[in-house]
Amino acid sequence: MRAFVVSDYAHPSKIPLTQNAPAPSAGLNYFDILQAQGKYQHQPPQPFVLGSELAGRIAEGSPIPDGCPFRAGDRVFGAAQGTFAERVAVNWDALLPLPENMSYDQGAGLFVTWPTSYEALVGRAEVKPGEWVLVTASAGGVGIAAVQLAKALGAKVIAAAGSQEKLDISVKYGGADHGVNYSTEGWQKEVLKLTGGKGVDVIYDPVGLIRDSLKCIAWKGRAIVVGFAAGQIEKLALNLVLLKNISIVGIHWGAYTKIEPSRVPVVWKELLDLFASGRAKPVVYSETYPLERLADGLAALEQRKTWGKVIVHVRDASSGPKAKL
Ligand SMILES: NC(=O)c1ccc[n+]([C@@H]2O[C@H](COP(=O)([O-])OP(=O)(O)OC[C@H]3O[C@@H](n4cnc5c(N)ncnc54)[C@H](OP(=O)(O)O)[C@@H]3O)[C@@H](O)[C@H]2O)c1
């Protein structure tokens, strides 16, 4: 993207036009695929623009209300309905300043993914140092954040994914201690072996693998229901909960702004501290997509080809300086 980027203060006549300034980015989520088909729990009235996570710069001429801490030109990340577009209107309370050490690509995948994983592990399962945590879909968007966060909390992490490549990613970018391929029959036995027969204290599951994972949960373990990427809402026989003396807890991060708004800034403060200290770092998939190829990015996500956060550049490098976030 072409832009006048101020790297050193100077009179405007001395500032060159940068040809390759980073373009605003948007993060892809599995629920975008569901929402496009009318299958998501939150469906805006038609017509609507798809996309929910973003990072970019506030446009000149934005209608900035009183009390808003942002100004035109500020680098921000956040959430809004309709981020797969060259411009998007955003409620300022759904924006945060993009940390200086982060690119738009890194920032575009933060707003939904990271607080979901943080609150799941800290607020819901109350992970303690030294505990064993099993993360399913460990290389995925919410999964790799959960692996990093569980490590930052001092847990021992077993990454579970559907291929060796994704297990390698979980170790390389997530810092997982072990990897187990859940497409292999009897994978739970491997988890039991790794934990000395005890099983894991916490299961973080965005796939719909709670029932299978309970075969390797520890006494008084906690299983967190994060999502159903495999496409089926799981049913569970509750005798398992009783017999193993366990808790099943859910996380619905999107509901916090309405039901428990006081928790939101607490979670973000802790996350931003972790990013600033380098103890947590967003993971971006190796291929990014221009807006014209959004469908390819979502298809790659749906077909389980991706890892980390998949990002779309909403404007390509040649679209000129007129279009603004
Ligand atoms: N509760 C909340 O507040 C909240 C917030 C955000 C997201 N979520 C949910 O979390 C889930 C994961 O989201 P995400 O953005 O992390 O997605 P993602 O990056 O696409 O990760 C999903 C992963 O699930 C695994 N998977 C297993 N079976 C699958 C199947 N049949 N089809 C597709 N994927 C399958 C795949 O990893 P392998 O190839 O390794 O199996 C895939 O990469 C979604 O259901 C989403 O709605 C919940």
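This is a predicted model: local features need pLDDT of at least 70, side-chain atom pairs count only at pLDDT 80 or more; totals for chains, interfaces and linings use all residues.
I took helices (H or I, at least four residues) and strands (E, at least two) as DSSP runs, numbered from the N terminus. Residues are numbered from 1 along each chain as its sequence is written, and side-chain values use heavy atoms, with hydrogens and water left out.

**Entry 1**

I located S138 in the loop between β7 (132-136) and α4 (141-152). I listed its contacts (heavy atoms within 4.5 Å). Leaving aside residues up to four places away in sequence, S138 touches G143, I144, V147, A159, A160, A161, L167 and S170.

I looked up T113 next and found it in helix α3 (residues 113-124). T113 is buried, with a relative accessible area of 1%. With residues up to four places away in sequence again not counted, T113 touches N29, E53, G141, V142, A145 and K309.

**Entry 2: Aromatic rings**

I paired rings of Phe, Tyr and Trp (its six-membered ring) if their centres lie within 6.5 Å; planes under 30 degrees apart count as stacked, over 60 as edge-to-face and the rest as tilted. The count by this rule is nine aromatic pairs. F31 and Y40 form a stacked pair, with 4.9 Å from centre to centre and 15 degrees between the planes. Of these two residues, F31 is buried at 17% relative accessible area, whereas Y40 counts as partly exposed at 22%. I also noted that ring pairs link F77, F111 and W268 into a cluster.

**Entry 3: The ligand**

How many residues surround the ligand? I found 25, and the closest are G141, K166, Y182, I251 and R304; a residue is included if one of its heavy atoms lies within 4 Å of the ligand.

I checked polar contacts, here pairs of N or O atoms within 3.5 Å. A backbone N or O atom of G141 lies 2.8 Å from a ligand oxygen atom. A polar backbone atom of V226 is 2.9 Å from a nitrogen atom of the ligand, and one of A229 is 3.2 Å from a nitrogen atom of the ligand. The protein covers 89% of the 910 Å² of accessible area that the ligand has on its own, by the Shrake-Rupley method with a 1.4 Å probe. The elements giving two or more residues to the shell are α4 and α11 (294-302).

Terms used
Buried means under 20% relative accessible area, exposed over 50%, partly exposed in between (1.4 Å probe, protein chains only). A polar contact is a pair of N or O atoms within 3.5 Å; within protein, one must be able to donate a hydrogen and the other to accept it, and residues adjacent in sequence count only if both atoms are side-chain atoms.
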